[in-house]
Amino acid sequence: MTDRSLPAPSGPGHRPTPAAGGPTTDGPTAGAWHALGGPSALLERVSFHGPDAVLPSRLPVRRLARATVAACSLAAAELAALRTGAPVPRVRIDQGAVATAFVSERHLRIDGRAPVSFAPLSGFWPTADGWLRTHANYPHHRDRLLTALGLPEGTGPDRLAAVLRELPAAAVQERAYAAGALAVAVAPVRDTTLPLVEVRAADGTAPRPLAAAPADRPAAGIRVLDLTRVIAGPVATRTLALLGADVLRIDPPRLPEAEDAHADTGFGKRSARLDLAEGADRAAFEELLATADVVVSGYRPGALDAYGLAPDALLARRPGLVVVQLNAWGWTGPWAGRRGFDSLVQAGCGIAATEAGADGRPGALPAQALDHGTGYLVAAGVLRALTEQRTARPGGRHLRYSLAGTASWLLHGIAPTADPHVLPNDEPYDPARWLTGTDAPHGRLRYALPPVGYAGAPADWERPPGRWGTDAPVWR
């Protein structure tokens, strides 16, 4: 087996190797591309344009955002060259399109209505010794938070704030964790770093050959089982669907998804519900798995092992499979198994403290950049794996990502200053340029266009999102 990761080692079996150097005018793009094992020579095909005055932040969020989209676009271009027999297309990334896509959930409108982003009990709260970030957007998380604090159902923000002001942040964090709720004490930046991505190549047979496909559908014919939720994983699979993959999202019936969230990330995909503990549903899932090319999971480490879906078990059964795992806090250490969301990782990794205001109140990034950035890196890793399997080394692939790994890269791996090789662009930013509309089962949608950019890239998804969980669990 071979492994690569950047910038620091993680769990056993996933060891880093030095990243190769190469031509580039953008360090973060080169860092992401090398972490994915991409050929250095292709970096000279990447360029950027569009307004610089996007995603303003103390941290280099704009550079992270455009680098992740550039890496994804280059991986798509590389696979497109394989499918068309033509040279690798040029990659040209519009910073305005990237910035708009990175807040796609904020631009979404459903019959003119703006979706609810954060619920009343989600946010920053002062405590007896610092600050706390809670996430209570889902009803079951809200109820567990109230239970952890001994508060009755229906408790509002004012009562919650009064209780939290009397308690230490770390104590609430641990009580919430024990109750299955979500709360994280706001922490300073730590020196430790986590890998941006970990890639393990497994021995196995050559994958099935891919027929010729047009440049705008380099993933045509690829079947992707999407076992992800919320933003990061769904952004990744939404991107694979854009590029032609047959993406089928599978959710347990008893864990509903917010329809507004699915309206944002369900473009190009289908969605079904299966209970893996029930015989007929499990049989349907196994039938899907038997011909899948890619499995992307966004559950906590070990959550799917009881169903025979641990990475090694999947690779043993399907030697040519691409298995992707995504979690919040990384793959080693005491927090690896904890639930988490972008906002909580920002709080726990030091981003919220770095972005604090003059009054000391913790701040947030201008986008849920850990979610969106990780999503594009996941898609890039899948595309690169599909190419490598057919050009360099056959066999399966196991890729691991975490929001904390992307946070570590933002905090420690990207220079906060502008790249000296890139001229500043003072073009004004108007997000309306990258918004469009379509009719969907939800109603009339206004949504952000995809930011993937290479010569011949698709301009939009082929289909709008359907209703969550209403499709048949079959491949097209």
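Reader: How many disulfides does a search of the whole structure find?

Author: A disulfide is a covalent bond between the sulfur atoms of two cysteines. The test used here is a pair of cysteine sulfur atoms within 2.5 Å. A search of the whole structure finds zero disulfides. This is a predicted model, where local features need pLDDT of at least 70, side-chain atom pairs count only at pLDDT 80 or more, and totals for chains, interfaces and linings use all residues. Residues are numbered from 1 along each chain as its sequence is written, and side-chain values use heavy atoms, with hydrogens and water left out.

Reader: Is C72 buried or exposed?

Author: Buried means under 20% relative accessible area, exposed means over 50%, and partly exposed is in between (1.4 Å probe, protein chains only). C72 is buried because its relative accessibility is 0%. C349 is also buried, because its relative accessible area is 16%.

Reader: What volume does the largest pocket have?

Author: The search runs on a 1 Å grid over the protein atoms alone, and a pocket is an open set of points with protein on both sides within 12 Å along at least five of seven lines; lining residues have an atom within 4 Å of a point. Points are joined across faces, edges and corners, and the volume is the space filled by probe spheres set on them. The largest pocket has a volume of about 980 Å³. It is lined by 40 residues, of which R229, L255, G298, Y299 and R300 are the closest to its centre.

Reader: Which elements supply at least two residues of that lining, the lining of the largest pocket?

Author: Helices (H or I, at least four residues) and strands (E, at least two) are DSSP runs, numbered from the N terminus. For the largest pocket, α5 (139–148), α8 (232–242), β10 (246–251) and β13 (322–327) each supply at least two lining residues. For classes, Ala, Val, Leu, Ile, Met, Phe, Trp, Tyr, Cys and Pro count as nonpolar, Asp, Glu, Lys and Arg as charged, and the others, Gly among them, as polar. The lining of the largest pocket has 23 nonpolar, seven polar and 10 charged residues.

Reader: How much space lies in the second largest pocket?

Author: The second largest pocket holds about 820 Å³. Its lining has 39 residues, and V116, S117, F118, N137 and Q368 are the closest to its centre. Two or more lining residues come from each of α4 (104–107), α5, α9 (259–265) and α12 (342–349).

Reader: Where does A347 lie, and which residues does A347 touch?

Author: A347 is in helix α12. A347 counts as buried because its relative accessibility is 0%. A contact means heavy atoms within 4.5 Å. Not counting residues up to four places away in sequence, A347 touches R133, V184, A185, V186, A187 and A352.

Reader: How many residues has the largest nonpolar core?

Author: A nonpolar core is a set of buried Ala, Val, Leu, Ile, Met, Phe, Trp, Tyr and Cys residues joined through side-chain atoms within 4.5 Å. The largest one has 101 residues, and F102, V345, L383 and Y401 have the most contacts inside it. Helix α2 (residues 61–84) gives the largest share of this core, 15 residues. A second, separate core has 20 residues, including L225, L276, L314 and L321.

Reader: Which residue has a positive phi of about 50 degrees although it is not a glycine?

Author: That residue is D111. D111 lies in the loop between β4 (109–110) and β5 (123–126). D111 is exposed, because its relative accessible area is 57%.

How values were computed: 1 Å grid on protein atoms, 1.4 Å probe; cavity = no way out; pocket = protein on both sides within 12 Å on 5 of 7 lines; lining within 4 Å.
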